[in-house]
Amino acid sequence: MTTTDRTTRPPLQARLRLLLSQLVSEPSYVIGAVLALALAYLVLAPMAAVLGSAVQMTRMDAVRAGASPGDLTFSYFQRVFTSPVAQDIFWTPLGNTMTVALFATALAVLFGLVLAMLVTSTNIWGRSILGFLLIIPYMLPSQALATAWITVFKNRRTGGSPGMLEALGLTPPDWLAYGPLPIVICLALSYFPFAFLLFSNALNKIDTQLEEAAVTLGARPHIVWRRILLPLLIPTTMSVLLLTVARTLGTFATPYVLGTPVGYTLLSTSLYSSLRSGAPGVAAVLAIVLGLFGVAMLLLDIWMVRNWQRFITVGGKGGKREPARLTLLARFPASAVAWGVFLIAAFGPLLVMFLSTIMREPGVFALSNFSLGYWTGGDGRPGVFNSPEILLSLYNSLSIAGSAAVICGVLGLAVGYAVVRLPGSWLSGFLRQVSFLPYLMPGMAFAAAFLTLFAVPRGPVPALYGSITLLILVMVVTYLPYASRSGISAMMQVGREPEEAGMVLGAGFFARITRILGPLQKTALVTAIILPFISGMKELSLVVMLVTPGTELLTTQSLRFLDYGHTQLANATILIIGVVVMLLVLLMQKVTKSSLAGGLGG
Amino acid sequence: MPNITLNSVVKTYGGKSLAVDNLTTTFPSGEFICLLGPSGCGKTTTLRMIAGLERPDSGEIRFGDEVFYSSQTGTYLRPEKRKLGLMFQSYALWPHMTVEQNVVFGLAMKRMPREDQAKRFTELAKLFHLDGLGQRYPRELSGGQQQRVALARMLAVSPDLLLLDEPLSNLDASLRLEMRAELKRLHQTLGCTVIFVTHDQLEAMTMATSIAVMNKGRIEQMAKPMDIYRHPSSHFVANFVGSPPMNMLTPGEAPGLASEMTKILGTPADRAGTVGIRPEALRLTGQPANGGLKATIDTIQPTGADWIIGLQAEGRQLFALSSEPPPADIGAEVGLNLKADGIHAFDQNGKAVGPSL
């Protein structure tokens, strides 16, 4: 074969003509190449920049050490791992991070599993509405629970308006107000909906014939759970565990609000303070450590998916599981557990936050104490509705998260298009992998990377620090893994045939996009925009280091308010985020005509 | 009408796996050609290369004098310029367009005036029994109706060449019979060349005027259906065409049967790597003749018109097909007669040997 190949090898001119015709008739090559270049710059360059700044002298340190800036140095690694301050910068935060991640994840997964079992498989009261109510914590920004906690338990250690208990004359002890206990509780309560969603989906997908087979062989319900259903949930449990651990590793808001006042630091807050105190080299090393954790989680996930593949059952007809009829004696406590979690994780915090914004003095439940002053303004200070900070940050949040979401949605579908149109080519593989890379990096680490790369002008790119462009860029890149994954699956689902059918009938690229693919992917596009929009509205850890006074977002603004002790305004800001997110979720349900459970999986 | 010619066409995926291996063949004009083979044999790739949806790595594809593709001159004619109709396995009807919009899409792309489009749709709707369905959406139609919409969409632009990619595999059995007849009738009225891809040998046998059996990116044999059945050129073809499939034996496994078969064929026993016999050429007699071949009945599957009878002979499972009820019950020993025209022998490389070719 090789010999005939050589003799019939076509002339160069013929090959060039073919290549040209291919580029013209199949624009996905061009699209793919442009995307690949853009992604390489936006994803790979920041990562390289972080690696670089971890081993290069900064200007300041160079002057101090008598070296020139940019010189190779391992002093930052020494500082983080072996110096006298390493204990404070790294080792203690590492231990704290592990502790918090371990307990918060265990609790979140337990809550998620038990609630999923109750809601999908028993007749507890209000199970259909609970399916929605239990996801509410997921729609709140990550600092909501921590802020609500502070609103209730804040003691005299920190200034500003006192907590509700303090105002009632009960001073909560430090261990209850701040530190590991409240951090674990708040994280568990804000991450369990994710576990709940995944477990519910998994339980609904398990073919009921598998259970029925066990029942016909004489298994009682608890045996069915122990021997059939729970083992089948092992793969889901593994990925929920990993994803939740990954999230708690990168979490910033909760430890910042609840840990900082008592000096309880996690890796993320340590990274933040290194950066704020002008130690970018140290921050880069910490970012690398966080990134490595991310890589480890991902590799573990891949390994587990491969190992647990035998658990993926051949799809059957299935059918909705008949909810188990609990006896009244069991039904009452089961319902109480489910509703109790909702009250503690969603309703309670929302109520507390709302109450705090309509009471002049915390904890005084006299009618005269209620006022809309914090909202409308008065007594010489602006309220929420006319506070320039809040209005500006609302505008910023909407415009920044909105633009990032639109770009992300379009990019995600474009990646999907290129990947599906160019199967098997290296370009498709590259796009798939690189667009997924940011998933590895905790938001904090990624923000550090972007800061390193764009703080100074580089080539044609001006210094972006302090600009809205930087915030949009970093959001786009961070949400790209989800957007491109859903874009790929949306395009896979439609497949190549509808487009090819148009091609054969004479539709050019433009006609195919506007008349065939566009209308077919309308819903996917709206979802691909709304989901990153929601994430962007809630985003904190990613942007907290990148915002400047002119570019504050609602989330960062609420943190500022907390820093200054304006608990009420912080709460009001979070409530605004909650309302916007809720509206977006409703919009999405209307557009996709589906329930939330399918969509928020990312 | 012109022939389709493929000349040394090679297609690999990712530079490694060979999908189509140096294929040179001619599909004569006006024929109903079936590309038949197991999945992964390169039949769909061949069809898609003719359609212009895939490009060969090298080689030439021509439709008469018109060059569709040539790696030597660097010619690539885009699918819409090839004046062909393509029907997909999934039909690929656009779910967001009505039946009428689907059917006239190709005409709209040619900027035909709207009234003419509507007129053409009425014509086609009558032909394919789609009257009154023009404003429906594809998901509101039955499988058979969707199939007819796909046919109408393909034929609306009056193509010179029809390419069909397993269009019947999504239909249920009774509808499939009906559609086979309809496609055959369509070919007779239009008279244009049809290339039809399928893995179902029954479809190929019943519809094609010419079958090309493909294996590992090559055409093993191309001939009229009954010639393929009666004179398979290789072990692969013999095994793939026919249901129940041909009973295959190596002389070592069942020496009695095999030597009897080579004797009937007149093939030197040492040249035959495998011998095979069609199920209908295995005749059962009530009593085993003295010194003759014998077998034990172990299953009986009546199909209504025929009986498929499972036999054990020399420790081997064989299937016989008979239009007569079996002469004895399960467990009984019966005699075997072999009909000469159903016996085939293949050499070590799977090539047919002996008088069958």
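## The model and its confidence

Residues are numbered from 1 along each chain as its sequence is written, while chains are lettered from A and ligands numbered from 1 in the order in which they are written. Because this is a predicted model, local features need pLDDT of at least 70 and side-chain atom pairs count only at pLDDT 80 or more, whereas totals for chains, interfaces and linings use all residues.

The model has an ipTM of 0.82 and a pTM of 0.79. The confidence in each residue is given by the predictor as pLDDT, from 0 to 100. Chain B has a mean pLDDT of 91, with 98% of its residues at 70 or more. For chain A the average is 83, and 93% of the residues score at least 70.

Within chain A, the element with the highest mean pLDDT (92) is helix α6 (residues 86-121), and the one with the lowest (44) is helix α30 (residues 596-599). Helices (H or I, at least four residues) and strands (E, at least two) are DSSP runs, numbered from the N terminus. Two residues are in contact if their C-beta atoms, placed from the backbone, lie within 7 Å. Residues 597-602 of chain A also have pLDDT below 50, but this stretch has 16 contacts in the model beyond near neighbours in sequence. Where pLDDT is low, the predicted coordinates should not be read in detail.

## Chain A as a whole

Chain A contains 30 helices and zero strands. Its radius of gyration is 27 Å, close to the 25 Å that the globule rule gives for 602 residues, so chain A is as compact as a globular protein of that length. The radius is taken over C-alpha atoms, and the rule is 2.2 Å times the number of residues to the power 0.38. Along the principal axes, the C-alpha atoms of chain A fill a box of roughly 95 × 80 × 50 Å.

Of the 602 residues of chain A, 44% are buried. A residue is buried if 20 or more other C-beta atoms lie within 10 Å of its own, exposed if 12 or fewer, and partly exposed in between, with C-beta atoms placed from the backbone. Among the contacts in chain A with a separation of 6 or more, 75% join residues 24 or more positions apart.

## Helix α22 of chain A

Helix α22(A) spans residues 426-436, and its buried residues are Ser428(A), Leu431(A), Val434(A) and Ser435(A). These lie on the same side of α22(A), because they cover an arc of only 145 degrees around the axis. The arc is that of the directions from the helix axis to the C-beta atoms. Elements that cover the buried residues include α3 (28-55), α21 (388-421) and α24 (468-494) of chain A. On the face turned away from the buried side are the exposed residues Trp426(A) and Gln433(A).

## Domains and loops of chain B

Chain B is divided into domain 1 (4-239) and domain 2 (247-356); such bounds come from an automatic or database domain assignment. The C-alpha centres of the two domains lie 38 Å apart. Eight residues of domain 1 are in contact with nine residues of domain 2. The domain 1 side divides into three nonpolar, five polar and no charged residues. Here Ala, Val, Leu, Ile, Met, Phe, Trp, Tyr, Cys and Pro count as nonpolar, Asp, Glu, Lys and Arg as charged, and the others, Gly among them, as polar.

Pro244(B) is in the loop between α8 (235-240) and β12 (247-249) of chain B. The peptide bond from Ser243(B) to Pro244(B) is cis, with omega near -5 degrees. Arg111(B) is not a glycine, yet has a positive phi of about 60 degrees. Arg111(B) counts as exposed, because it has 7 C-beta neighbours inside 10 Å.

## Where the chains meet

The contact between the chains takes 26 residues from chain B and 26 residues from chain A. On the side of chain B, the elements that give two or more residues are β7 (84-87) and α2 (99-109). The largest share, three residues, comes from α2(B). This side of chain B divides into 13 nonpolar, nine polar and four charged residues.
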